[in-house]
Amino acid sequence: MLQDQPLTISALLRTFLRPISLTWFLMLCETALTALIPLLIGFAIDGLLAADTNALLQLAAVLAVLIVVSVIRRLYDTRVYGTIGVELGKALTERSAAVPVSTVNARLEMSRELVDFLENQAPAVMASVIQLVVALVVLFAFHPFLFGATCAATVLMIVFYGASHRRFFRLNAEYNQQTEQQVRILETAQPEGILSHLNRIRRIGIRLSDTEAYVYGAIYTAMLGLILFNLWFAATNMEITVGRIFSIISYSWEFVEAALVLPVTLQSWSRLSEIMERINQTSDTA
């Protein structure tokens, strides 16, 4: 199914468009229902305080539908992406006849990250975009200042990640290059060479982890500052009910959770870009 096509995310999307589209549609339905829950909880709180159970029943109905959609999506996802993984592995091995087995083995492991991206990270990005839009609309409806603070935190997040993108790409390239040599190094049975290889993998992993820690520390600082500001502003500058204050804080936190998906995905894309270059080579990169 993938013959004569580059092994890329776009090629997988073209080849398996219908099943992937269905899984993503179910995911979007699940996300839309999930995005409504904090608002419905806030309405339910205010309704119960006024001895009105209508909002609570609406919340229960949405939760019931959410459970059904979530179960169906997960059952279908496993089958679809399992098939895609088989076809991708088959195509990769067929076009790697001139590549050492150790390198093919490493590239097969790397290629699974493309399927994982389609199954988990791409849907997570779409879900986060929906959550971001819903959160922004709701917060703007409550007060423009809440919306402005949210936008400012988003700009800071983008700046922090953009400054580290090239470093992530370079470190992932070094990691993948070393991984391709692993089986070959193990076959030499030389303790010094094996130890050197393992230490190099360790050093690259530490540099990647340190970069992630600094970037996400800065992003978390900006986002938690947003939560504190919105809580302070809602409690001291707005005349609203307890239920609506709950909704404001819930959507502020939901925005933070959704926003944090984006830099994680961008980092994954940096790694995938390097992997796609590597697995489409028909010779060893050593």
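Are H5 and H9 roughly parallel or roughly perpendicular to each other? I opened my notebook with that.

**Entry 1: the whole chain**

I am working from a predicted model. I went through the secondary structure before anything else. The protein chain has nine helices and zero strands. Read along the sequence, I get the pattern α-α-α-α-α-α-α-α-α. I then looked up the extent of the chain. Its C-alpha atoms fill a box of roughly 75 × 40 × 30 Å, taken along the principal axes.

**Entry 2: H5 and H9**

Now back to my opening question. Two packed helices are described by the angle between their axes and the distance between the axes. I looked up both. Helix H5 covers residues 144–162, and helix H9 covers residues 242–279. Their axes come within 11 Å and cross at roughly 20°. Angles under 35 degrees count as roughly parallel. H5 and H9 are therefore roughly parallel to each other. I also noted the hand: H5 passes H9 in a right-handed crossing.

Which residues make the contact? From H5 I listed Leu146, Thr150, Thr154, Met157 and Tyr161. From H9 I listed Ile248, Phe255, Ala259, Leu260, Leu262, Pro263, Leu266, Gln267 and Ser270. I sorted the residues of this contact by class: ten are nonpolar, four are polar and none is charged.

**Entry 3: H2 and H4**

Next I looked up helix H2, residues 17–49, and helix H4, residues 101–142. The axes of H2 and H4 come within 9 Å and cross at roughly 35°. H2 passes H4 in a right-handed crossing. On the H2 side, the contact is made by Ile20, Trp24, Met27, Leu28, Thr31 and Ala35. On the H4 side, I found Leu118, Ala122, Pro123, Met126, Ala127, Ile130, Gln131 and Val134. By class, the contact of H2 with H4 has twelve nonpolar residues, two polar and no charged.

**Entry 4: the largest pocket**

Last, I looked for empty space. Rolling a probe the size of a water molecule over the atoms shows where it is left. The largest pocket has a volume of about 160 Å³. Its lining is Met27, Glu30, Thr31, Thr34, Arg73, Glu119, Asn120, Pro123, Ala124, Ala127 and Gln131.

Which helix gives the most to this lining? I found that H4 does, with six residues. H2 and H4 each supply at least two. I also sorted the lining by class: four residues are nonpolar, four are polar and three are charged.

Technical notes. Residues numbered from 1 in each chain as written. Predicted model: local features only at pLDDT ≥ 70, side-chain atom pairs only at ≥ 80, totals over all residues. Heavy atoms only, no water. Axes fitted to C-alpha atoms, helices over the stretch in contact; angles between N-to-C directions. Helix = DSSP H or I, 4+ residues; strand = E, 2+ residues; numbered from the N terminus. Parallel < 35°, antiparallel > 145°, perpendicular 65-115°, else oblique. Left-handed = near helix turned anticlockwise from the far one by under 90°. Contact = heavy atoms within 4.5 Å. Nonpolar A, V, L, I, M, F, W, Y, C, P; charged D, E, K, R; others polar. 1 Å grid on protein atoms, 1.4 Å probe; cavity = no way out; pocket = protein on both sides within 12 Å on 5 of 7 lines; lining within 4 Å. Points joined across faces, edges and corners; volume = space filled by probe spheres on them.
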